[in-house]
Amino acid sequence: MASDKTIVLITGANSGIGYETVVALSSASANFHVLLGSRSMEKGQKALESLQLAHGDSLKGSISVLQIDVTDQTSIQAAKEQIDTQFGKLDVLINNAGVIVYQQVDRLAALRQSFETNVIGQVMVTETLEPLLRKAIKPYVIYVSSGQGSVTKRLDANFEHRAIRGDPYRMSKAALNMLAACHRYNYADWGCRVLAFNPGWCVTNLTGEAGREMRRKGGARDPKEPAVALVDIIQGKRDVDIEKNGMVDVDGGVLPW
Ligand SMILES: NC(=O)c1ccc[n+]([C@@H]2O[C@H](COP(=O)([O-])OP(=O)(O)OC[C@H]3O[C@@H](n4cnc5c(N)ncnc54)[C@H](OP(=O)(O)O)[C@@H]3O)[C@@H](O)[C@H]2O)c1
């Protein structure tokens with residue numbers, strides 16, 4: 001028998017935007033059970049402990065840690081079986097895990113690593129979990145993309161992040177947007193809402209400790225902002241934007257693909 005709660009899985013939730021989304025969802029309603037996805041069980045448990053320490057009193061929903069490495073099919077399959085056994089369905093999948101390859105590696109390695117996590121991993125997670133999403137009444141699949149993946153913005157002289165190179169990351173997020181469009185089309189007949197989401201430029205661990213400082217100094221936003229927008233999406237407040245062509249934007253409306 002499927003759970004009465006709204007079951008939400010967030011991949012890469014031990015840090016940054018994913019972590020803040022666990023907090024925001026669990027603070028929003030007792031009806032949510034959030035699976036804090038982490039590729040390292042140890043990091044996931046630590047994240048849950050610090051979350052409970054910082055927000056214990058305001059948490060209404062329940063949370064548990066789920067080991068899931070999006071580049072490891074054995075791990076994805078085991079996660080699926082665990083969700084099936086415990087909850088019998090999955091209402092919301094937030095494909096949030098992602099990487100920017102900022103270490104010095106050659107071009108080929110940077111391309112492979114970016115696509116393996118940001119694209120191939122996302123395909124495999126969603127398609128493995130699809131049978132559980134089909135058991136939900138109003139399922140959502142959310143891909144955390146990026147303005148850096150907008151083909152339109154890449155050649156826009158007024159785009160504030162135009163000078164940033166990071167071609168492998170940009171290409172992987174553009175491919176992720178196409179994945180979101182394909183899954184929106186493929187899953188339409190069973191009512192699954194599929195979207196790519198632009199969280200904006202945030203202070204997170206995406207580019208390491210030095211990157212955090214650079215982001216802070218550069219005026220990047222608090223990851224709590226996209227977390228609030230993600231709660232709105234899951235609560236159906238942005239369904240109009242999901243129908244549009246483009247990435248659902250943290251600040252409202254959509255950003256062009
Ligand atoms: N921060 C921004 O400005 C920004 C802007 C646009 C889009 N985004 C997107 O937002 C998403 C979240 O990133 P963030 O900014 O919150 O950075 P973050 O703090 O570095 O979080 C990224 C998360 O992804 C996890 N991850 C990486 N590879 C994984 C794998 N193979 N399997 C499972 N988890 C994996 C990381 O786990 P570990 O801790 O184990 O490495 C971490 O939990 C990413 O998709 C990113 O591209 C971020």
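## Thr 126 in helix H4

Let's start inside helix H4, which spans residues 107-133 and holds Thr 126. Please keep in mind as you look around that this is a predicted model. Thr 126 has a relative accessible area of 0%, so this residue counts as buried. Its side chain makes a polar contact of 3.0 Å with the side chain of Asn 95.

Setting aside residues within four places in sequence, Thr 126 is in contact with Leu 93, Asn 95, Leu 133, Val 141, Tyr 143, His 183 and Tyr 187.

Is Asn 118 buried or exposed? Its relative accessibility is 1%, and therefore Asn 118 is classed as buried. A polar atom of the Asn 118 side chain sits 2.9 Å from the backbone oxygen of Val 99. Beyond the residues up to four places away in sequence, Asn 118 touches Gly 98, Val 99, Tyr 169, Ser 172, Lys 173 and Leu 176.

Glu 127 is another residue of helix H4. Not counting residues up to four places away in sequence, Glu 127 touches His 183 and Tyr 187. Glu 127 and His 183 are 56 residues apart along the chain, while their C-alpha atoms are 9.4 Å apart in space.

## The nonpolar cores

In soluble globular proteins, nonpolar side chains tend to be buried together. Here, the largest nonpolar core has 35 residues, and those with the most contacts inside it are Ile 142, Phe 197 and Ile 233. Which residues does Ile 142 touch, leaving out those up to four places away in sequence? They are Val 92, Leu 93, Ile 94, Asn 95, Leu 195, Phe 197, Leu 230, Ile 233 and Ile 234.

There is also a second, separate core of 29 residues, which includes Ala 97, Val 125, Val 141 and Val 194.

## Around the ligand

Now for the ligand, which has 29 residues around it; Ser 15, Asn 96, Tyr 169, Cys 202 and Thr 204 come nearest. Tyr 169 is also touched by Asn 118. Cys 202 has a relative accessible area of 2%, so it is buried.

An oxygen atom of the ligand lies 2.7 Å from a polar side-chain atom of Thr 204. On its own the ligand has 890 Å² of accessible area, and the protein covers 93% of that. Helix H1 (16-28) and helix H6 (167-187) are the elements that give two or more residues to the shell around the ligand.

## Cysteines

How many disulfides does the structure hold? The count is 0. Cys 182 is in no disulfide, and the nearest cysteine sulfur, which belongs to Cys 192, is 14 Å away. Cys 182 has 34% relative accessibility and so counts as partly exposed.

Conventions:
Residues are numbered from 1 along each chain as its sequence is written. This is a predicted model: local features need pLDDT of at least 70, side-chain atom pairs count only at pLDDT 80 or more; totals for chains, interfaces and linings use all residues. Side-chain values use heavy atoms; hydrogens and water are left out. A nonpolar core is a set of buried Ala, Val, Leu, Ile, Met, Phe, Trp, Tyr and Cys residues joined through side-chain atoms within 4.5 Å. Buried means under 20% relative accessible area, exposed over 50%, partly exposed in between (1.4 Å probe, protein chains only). Contact means heavy atoms within 4.5 Å. A disulfide is a pair of cysteine sulfur atoms within 2.5 Å. A residue is near a molecule or strand if one of its heavy atoms lies within 4 Å of it. A polar contact is a pair of N or O atoms within 3.5 Å; within protein, one must be able to donate a hydrogen and the other to accept it, and residues adjacent in sequence count only if both atoms are side-chain atoms. Accessible areas come from the Shrake-Rupley method with a 1.4 Å probe; for residues, only the protein chains shown count as cover. Helices (H or I, at least four residues) and strands (E, at least two) are DSSP runs, numbered from the N terminus.
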